[in-house]
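Work through the exercises below with the structure in view. Try each task before reading its solution.

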Amino acid sequence: MPAIILIGLQWGDEGKGKITDFYASRADCVARFQGGNNAGHTVIVNGKKYKFHLMPSGVIQGKEVVIGNGVVLDPSVLLEEIEMLRREGIEPSLRISDRTNVIMPYHRILDGAEENLLGDKKIGTTGRGIGPCYADKISRFGIRMGDLIDEQALREKLERVVPIKQAMIDAFNAGEKLNAEKIFREYAEYGRRLKKYVTDTTLYVNSLLDEDKTVLFEGAQGCMLDIDFGTYPYTTSSHPVAGGASIGTGVGPKRFDKVVGVLKAYTTRVGEGPMPTELKDAVGGHLVEKGKEYGTTTGRKRRCGWLDLVAARYACRINYVDEIAITKLDVLDGLKKVKLCKIYECDGEEIDNFPSSLAILSRCKPVYEEMDGWEKTEGIKNYDELPEQAKDYLNAISEWLDVPINIISTGPSREETIM
Ligand code: GDP
Ligand code: IMO
Ligand code: MG
């Protein structure tokens with residue numbers, strides 16, 4: 001299975017980091033294809049916790065890692081992660097695409113300023129400058145890694161773009177004064193430090209596939225945060241869907257062999273935007289506390305609710321998912337009853353396709369199928385040892401999605417996994 005795409009099927013934080021680490025043991029290379037340091041991927045090995053924002057999670061397994069052209073890269077964050085790994089005795093074998101767009105200080109300023117202007121209609125972004133950086137890429141104002149390592153190009157691009165950004169900051173009343181020379185000095189230094197990693201990664205990744213090596217494409221965020229297919233405008237600004245792996249690394253669509261969808265056994269979401277199965281009761285509280293549902297990147301409390309299979313079925317279709325890795329089953333341990341939402345009810349009608357209109361979505365009420373809960377799945381490593389009720393729950397999910405569940409995660413550590 002040489003080219004495997006691993007993506008989140010919900011609103012992010014499905015446990016992609018853990019499952020990527022698991023798959024990475026059998027891969028030669030792990031590549032990120034979209035998003036930036038809005039992501040927070042947790043990997044726990046031998047009791048040690050690693051949180052990655054930019055570095056592909058496969059780095060812990062000592063694999064080759066690639067940051068593809070579809071990513072937006074904050075150099076200071078990447079350099080910190082490289083340092084953190086070195087302190088752990090890991091020297092990453094990293095390649096960064098020369099086409100990757102760079103997050104600049106004005107992107108972070110504008111991210112905050114836009115959110116302020118939106119007030120109570122804000123998106124609840126991570127504040128990392130993601131949206132403004134992708135906007136610049138599309139508007140062709142972007143500074144790419146290839147420019148960062150070419151001082152002449154960096155200077156020229158900054159001369160062109162900084163006055164425009166200053167005008168925007170002034171118009172937004174954000175009160176910040178940009179200093180082009182200071183930005184140049186800081187970013188030229190990042191360029192010098194990162195230069196050795198920057199290359200045409202399309203050559204590298206395609207050559208690995210030519211040699212029948214295995215490349216794992218690690219998604220960030222999740223399908224429901226996709227700029228086109230998610231709950232727009234309450235989304236991120238990239239393509240976390242499987243299709244993003246092609247465009248975000250320069251690997252043709254026909255080369256991919258498999259799509260793995262990571263699905264949390266319930267639903268969570270950080271930031272604003274609709275979430276039909278959100279629970280504000282004691283069960284919601286149980287999920288937050290037992291699931292330790294606090295953001296890996298911003299520390300914000302995640303909104304929690306029952307598993308939304310309307311959204312998941314839509315995600316399986318959009319991504320043509322071959323197999324599901326289900327995570328955090330153990331978090332449902334101890335609940336007397338568990339519920340699945342297979343359809344919504346809207347204006348007296350049943351809806352089974354996830355609507356694109358937020359106005360319709362906001363009127364959708366989940367229709368639940370209730371099932372018996374179970375005592376304990378935590379730490380179980382063998383399918384046969386799972387309680388019958390947990391097996392019934394998994395079978396109901398797999399049947400409704402018409403996709404096999406091949407991995408079941410029963411705890412945060414690498415070994416708490418059932419194949
Ligand atoms: P990602 O962004 O999709 O990589 O997910 P995050 O790392 O942001 O959030 C998932 C959280 O759940 C992390 O703290 C993981 O350590 C933890 N986790 C992953 N799988 C499991 C599991 O099966 N059970 C429990 N209890 N925690 C898990
Ligand atoms: P991982 O990879 C969960 C959410 C933010 C906000 C919206 C837009 O760890 O699953 P942005 O900063 O991207 O412009 O914010 O997207 N968001 C995430 N939610 N997990 C993530 O990443 C996320 N990355 C962004 O909370 O609602
Ligand atoms: Mg996360």
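**Exercise 1. A serine in a loop**

Task: Locate S57, decide whether it is buried or exposed, and list its contacts beyond its sequence neighbours.

Solution. This is a predicted model. Step one is the location: S57 sits in the loop between β4 (48–52) and β5 (64–67). Step two is the accessibility. S57 has 0% relative accessibility, so it counts as buried. The cut-off for buried is under 20%. Step three is the surroundings. Leaving out residues up to four places away in sequence, S57 touches G17, T20, H41, V43, F52 and E218.

**Exercise 2. The loop between β10 and α9**

Task: Describe T235, P233 and Q221, which are placed in the loop between β10 and α9.

Solution. Take T235 to begin. Its loop runs between β10 (215–218) and α9 (243–247). T235 has 11% relative accessibility, so it counts as buried. Setting aside neighbours within four places in sequence, T235 is in contact with I123, M224, L225, D226, I227 and G230.

Next, P233. This proline is found in the loop between β10 and α9. A cis peptide bond joins Y232 and P233. The omega angle there is about 5°.

Last, Q221. It also lies in the loop between β10 and α9. Q221 is not a glycine, yet its phi is positive, about 55°. Its relative accessible area is 8%, so Q221 is buried.

**Exercise 3. Another positive phi**

Task: Find the place of N173, give its phi, and decide whether it is buried or exposed.

Solution. N173 lies in the loop between α6 (151–171) and α7 (180–194). Its phi is positive, about 55°, although N173 is not a glycine. Now the accessibility. N173 has a relative accessible area of 70%, so it is exposed. The cut-off for exposed is over 50%.

**Exercise 4. The whole protein**

Task: What radius of gyration does the protein have, and what would a compact globule of 419 residues have?

Solution. A compact globule with 419 residues would have a radius of gyration near 22 Å. The protein has 21 Å, which agrees. Then look at the extents. The C-alpha trace spans about 65 × 50 × 40 Å along the principal axes.

The protein has 13 helices and 20 strands. Of its 419 residues, 58% count as buried. Among contacts with a separation of 6 or more, 76% come from residues 24 or more positions apart.

The accessible surface is about 17400 Å², and 48% of it belongs to carbon and sulfur atoms. There are 56 positive and 63 negative side chains. The centres of the two sets lie 4 Å apart.

Definitions and conventions:
Residues numbered from 1 in each chain as written. Chains lettered and ligands numbered in written order. Predicted model: local features only at pLDDT ≥ 70, side-chain atom pairs only at ≥ 80, totals over all residues. Heavy atoms only, no water. Helix = DSSP H or I, 4+ residues; strand = E, 2+ residues; numbered from the N terminus. Rg over C-alpha atoms; globule rule 2.2 N^0.38 Å. Buried < 20%, exposed > 50% of the residue type's maximum accessible area, 1.4 Å probe, protein only. Contact = heavy atoms within 4.5 Å. Areas by Shrake-Rupley, 256 points an atom, 1.4 Å probe, with all protein chains shown as cover. Lys, Arg positive; Asp, Glu negative; His and termini not counted. Charge placed at Lys NZ, Arg CZ, Asp CG, Glu CD.
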